[in-house]
Amino acid sequence: MDSPPFATADSFIGAVPTKDSFTRKVLKTVWVLLNLLVLVALPLAAWDMHAHDMHPHFIAWFVAGVFVLLAVPITFYEVAQHLEHYRAPRLQRHVIRILFMVPIYAVDCWLALRFKNQTIYFDTIRECYEAYVVYNFYSYCTVYLEQFCVPGLEQIVMRKQQQKHIFPISLFCGENAAPMTAPSGSNGNGPINGAHSNGATGSPFLRLCRHGVINYVVTRPLTTTIAFITNAIGVYGDGEFTNPWVAYPYLALINNLSQAWAMYCLILFYKALRDELAPLSPFYKFLTVKAVVFLSFWQGQALLLATKLDLIDSLRGRVEGSGDGTTNDATGGNNATGGPWSDYDDASFATALQEFAICVEMFFAAIAHAYAFPVHEYDGGSRSSQPGHQGRTLKDNLRDMFDLRDVWHDVVNFSESNKDEFWGEVSFRYRRVVG
């Protein structure tokens with residue numbers, strides 16, 4: 001039977017928003033008007049550049065750069081507000097890490113759009129941070145349930161009904177998910193040496209969700225390393241889905257499965273604990289994270305497929321330049337074929353479209369994040385709302401934000417757990433074979 005609603009242990013979650021000062025309201029108004037003015041003037045500027053025979057890739061780089069310049073200050077302002085109102089460090093450190101997704105994605109894609117031959121390196125940074133964001137969103141939810149809910153995450157889960165797998169996962173993993181409580185006499189897989197824990201200490205269900213998320217944090221850097229190596233020796237084959245002799249299709253499959261499983265575990269976790277997470281308004285937070293992380297991947301694959309099927313062939317012809325072997329440079333002059341704005345194959349053209357689209361989308365993602373992760377959720381608390389956080393300075397808050405020991409402990413815990421499970425399974429199979 002589901003547990004009744006639990007009272008939060010602190011009053012700042014869901015607090016009544018404090019009013020902005022007059023100066024801050026004026027600055028916000030000016031900033032909004034400036035953004036609207038730029039958005040109105042941008043199409044006119046792009047059209048004027050086109051009329052002066054500037055290359056479409058240069059125009060795209062300029063337009064993308066304007067959106068990046070609009071998006072980054074929005075995120076920096078929100079981060080500064082969280083650091084100023086750092087009432088719940090263990091929660092807000094994860095919020096800030098998630099918010100940094102926008103500037104990292106935006107600047108990364110803008111640079112990748114300009115330096116086509118170095119795209120793999122820029123994309124790697126973005127994709128690794130993508131896994132980091134998924135982990136931080138899960139940690140944000142579990143820290144709230146463990147630290148700010150009564151009687152705590154483990155006890156809340158123990159009172160929950162057995163969760164069912166969602167179709168079509170149920171076809172492969174069975175109807176029931178992992179048990180909500182640990183078997184009798186087992187204390188589960190707790191944190192190492194009493195280090196940071198996200199609450200997954202005894203419940204197999206919590207362990208399933210936690211390991212499902214952390215698997216992506218581990219898998220993504222590993223596949224990235226393999227991509228670097230195979231690219232260096234010329235067998236990466238970016239975008240070559242149908243070529244069995246290159247690494248790209250296999251790495252893409254592994255990354256996609258790992259990402260999909262991580263997102264599924266987040267959905268399963270939310271489905272089981274949505275009532276207790278309600279004060280956080282987790283649906284909108286999850287939606288903004290999932291839209292950027294999950295949809296950006298499929299957007300890239302759709303663009304690659306559309307390019308290979310010649311669905312956007314005319315646009316590609318504009319970017320590649322005229323058929324006489326020359327292409328206009330940034331000032332309207334001519335460069336030989338092979339310059340920085342030309343020589344696009346299917347994969348690189350689809351990638352360029354993806355980078356441009358993400359630069360534009362990050363402006364809207366920054367606005368969505370500002371509403372999904374508002375700082376006023378923490379305005380109701382005091383600076384001493386958690387033990388050990390009295391008299392904090394901005395330097396202390398910045399140091400806490402970049403403290404990655406929680407990630408390290410969880411990854412080590414994940415590795416140790418899977419090592420034990422792997423060798424346990426090997427030992428079991430060996431005994432069955434040899435009798």
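The questions and answers below concern a predicted model.

Q: How many helices and strands does the protein have?
A: The protein has 435 residues, of which 48% count as buried. Among contacts between residues at least 6 apart in sequence, 77% join residues at least 24 apart. The secondary structure consists of 14 helices and two strands.

Q: What is the volume of the largest cavity?
A: Rolling a probe the size of a water molecule over the atoms shows where empty space is left. In this predicted model, one cavity reaches 30 Å³ or more. The volume of the largest cavity is about 50 Å³.

Q: Which helix supplies the largest share of the lining of the largest cavity?
A: The lining is made up of Phe137, Cys141, Leu266, Phe269, Tyr270, Leu277, Pro282 and Phe286. At least two of the lining residues come from each of α5 (119-147), α9 (248-277) and α10 (282-308). The largest share, four residues, comes from α9.

Q: How many residues of the lining of the largest cavity are nonpolar, polar and charged?
A: Residues lining the cavity include Phe137, Leu266 and Pro282. Pro counts as nonpolar in this grouping, as do Cys and Tyr, and Cys141 and Tyr270 are also in the lining. By class, the count is eight nonpolar, no polar and no charged.

Q: Which residues have the most contacts inside the largest nonpolar core?
A: In soluble globular proteins, nonpolar side chains tend to be buried together. The largest nonpolar core here has 84 residues. A second, separate core of 10 residues includes Ile120, Tyr248, Ala347 and Ala350. Within the largest core, the residues with the most contacts are Phe205, Phe269 and Leu273.

Q: Which residues does Phe205 touch, not counting those up to four places away in sequence?
A: Phe205 is among the residues with the most contacts inside the largest nonpolar core. Phe269, another of these residues, also lines the largest cavity. With residues up to four places away in sequence set aside, Phe205 touches Val157, Gln163, Ala177, Ala178, Pro179, Met180, Leu268, Phe269 and Ala272.

Q: Which residue is joined to His94 by a polar contact between side chains?
A: His94 is found in helix α3 (residues 89-99) and counts as buried because its relative accessibility is 1%, against a cut-off of under 20%. Leaving aside neighbours within four places in sequence, His94 is in contact with Asn136, Ser139, Tyr140, Val143 and Asp406. The polar contact between side chains, at 2.8 Å, is with Asn136.

Q: What distance separates the C-alpha atoms of Cys149 and Leu277?
A: Cys149 is placed in the loop between α5 and α6 (153-158). At 5% relative accessibility, Cys149 counts as buried. Leu277 is one of the residues lining the largest cavity. Cys149 and Leu277 are 128 residues apart along the chain, and their C-alpha atoms are separated by 9.3 Å.

Q: Is Asp53 buried or partly exposed?
A: Asp53 lies in the loop between α1 (22-51) and α2 (56-84). Although not a glycine, Asp53 has a positive phi of about 60°. Its relative accessibility is 48%, so Asp53 counts as partly exposed.

Q: What is the phi of Ser281?
A: Ser281 is in the loop between α9 and α10, two helices that each supply at least two residues of the cavity lining. At 36% relative accessibility, Ser281 counts as partly exposed. Ser281 is not a glycine, yet its phi is positive, at about 50°.

Conventions. Residues numbered from 1 in each chain as written. Predicted model: local features only at pLDDT ≥ 70, side-chain atom pairs only at ≥ 80, totals over all residues. Heavy atoms only, no water. 1 Å grid on protein atoms, 1.4 Å probe; cavity = no way out; pocket = protein on both sides within 12 Å on 5 of 7 lines; lining within 4 Å. Points joined across faces, edges and corners; volume = space filled by probe spheres on them. Core = buried A, V, L, I, M, F, W, Y, C linked by side-chain atoms within 4.5 Å. Buried < 20%, exposed > 50% of the residue type's maximum accessible area, 1.4 Å probe, protein only. Contact = heavy atoms within 4.5 Å. Polar contact = N/O pair within 3.5 Å; in protein donor to acceptor, adjacent residues only side chain to side chain.
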